[in-house]
Amino acid sequence: GDGAANQGQLFEALNMAALWKLPLVYVCENNQYGMGTSKKRGSANDDYYTRGHYVPGIKVDGMNVLSVREAVKFVRKYVVENGPMMMEMDTYRYHGHSMSDPGVTYRNRDEVAGVRATRDPVERIKRYALETELVSAAEIKEIDAAVKAEVNAAVEAAKTAPLPVDDEMWTDIYTDQSKDFFMRGCDMTVSKGVYGTTK
């Protein structure tokens with residue numbers, strides 16, 4: 001995100017990716033606030049897509065699903081042929097950063113309501129689909145009802161499902177990993193595999 005974009009390890013990773021011309025896409029979700037700090041107060045340069053220096057970048061309206069789709073198509077093709085690229089997704093966080101953050105001490109309700117009224121991605125795509133007659137209002141209601149039912153069913157399934165066994169935490173981390181592949185936990189007592197096994 002925009003807050004974490006100021007950390008040094010990002011620049012180290014960008015440097016290595018550029019040196020090796022790795023086909024990587026670095027995505028910065030710029031939701032305008034790093035926790036409770038405005039991007040203007042926390043970043044000397046808040047054009048995050050330009051901060052790769054030797055890695056090209058592109059800024060995308062992250063609140064427009066069609067813009068995101070087209071930009072991702074372009075960037076995917078670019079990185080496969082040329083190496084890494086930085087994408088800044090210009091978006092907005094409606095709620096606080098966490099449960100302890102009401103999200104109203106560093107911005108006001110009018111700001112949030114204004115973004116929701118003009119840039120909300122779901123409402124934008126609905127308007128576009130209606131204006132271009134891709135769907136009818138009745139079809140949108142059907143889609144909304146179907147999606148809500150699907151989400152509610154998934155939530156209920158997750159609530160009633162048994163907890164996974166502890167070993168699941170270690171499976172499918174790497175492709176083709178053997179059952180003895182060593183992965184260190186937070187301390188050696190919760191590690192998995194045979195120490196020294198790297199395949």
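1. Three strands make up an open sheet, ordered E1-E5-E4, with parallel pairing. Strands pair if DSSP finds at least two bridges between them; strands (E, at least two residues) and helices (H or I, at least four) are DSSP runs numbered from the N terminus. At the edges lie strand E1 (25-30) and strand E4 (57-61), each of which pairs on one side only. On average, neighbouring strands of this sheet are turned by 20 degrees against each other, direction ignored. Axes here are lines fitted to C-alpha atoms, for helices over the stretch in contact, and angles run from 0 to 180 degrees between N-to-C directions.

2. The model is predicted: local features need pLDDT of at least 70 and side-chain atom pairs count only at pLDDT 80 or more, while totals for chains, interfaces and linings use all residues. Residues are numbered from 1 along each chain as its sequence is written, and side-chain values use heavy atoms, with hydrogens and water left out.

3. The pairing of E1 with strand E5 (residues 85-90) is parallel and runs over 6 bridges. Val 25 has Met 85 as its bridge partner in E5.

4. Helix H3 (residues 65-82) packs on the sheet and touches E1, E4 and E5; contact means heavy atoms within 4.5 Å. The direction of H3 makes about 170 degrees with that of E5. The 18 residues of H3 should span 26 Å at 1.5 Å a residue, and the end C-alpha atoms are 25 Å apart, which agrees. The expected span is 1.5 Å times one less than the number of residues.

5. Which residues of H3 are buried? Ala 71, Val 75 and Val 79 are, and they cover an arc of only 60 degrees around the axis, so they sit on the same side of H3. The arc is that of the directions from the helix axis to the C-beta atoms. Buried means under 20% relative accessible area, exposed over 50%, and partly exposed in between (1.4 Å probe, protein chains only). The cover over the buried residues of H3 includes E1, E4 and E5. Arg 76, Lys 77, Val 80 and Glu 81 are exposed, on the face turned away from the buried side of H3.

6. At the start of H3, a side-chain oxygen of Asn 64 comes to within 3.0 Å of the backbone nitrogen of Leu 66. Just after H3, Gly 83 has a positive phi of about 110 degrees.

7. Asn 31 lies in the loop between E1 and strand E2 (33-34). Asn 31 is buried, at a relative accessible area of 10%. Its contacts, leaving aside neighbours within four places in sequence, are Asp 2, Thr 91, Tyr 92 and Arg 93.

Methods: A polar contact is a pair of N or O atoms within 3.5 Å; within protein, one must be able to donate a hydrogen and the other to accept it, and residues adjacent in sequence count only if both atoms are side-chain atoms.
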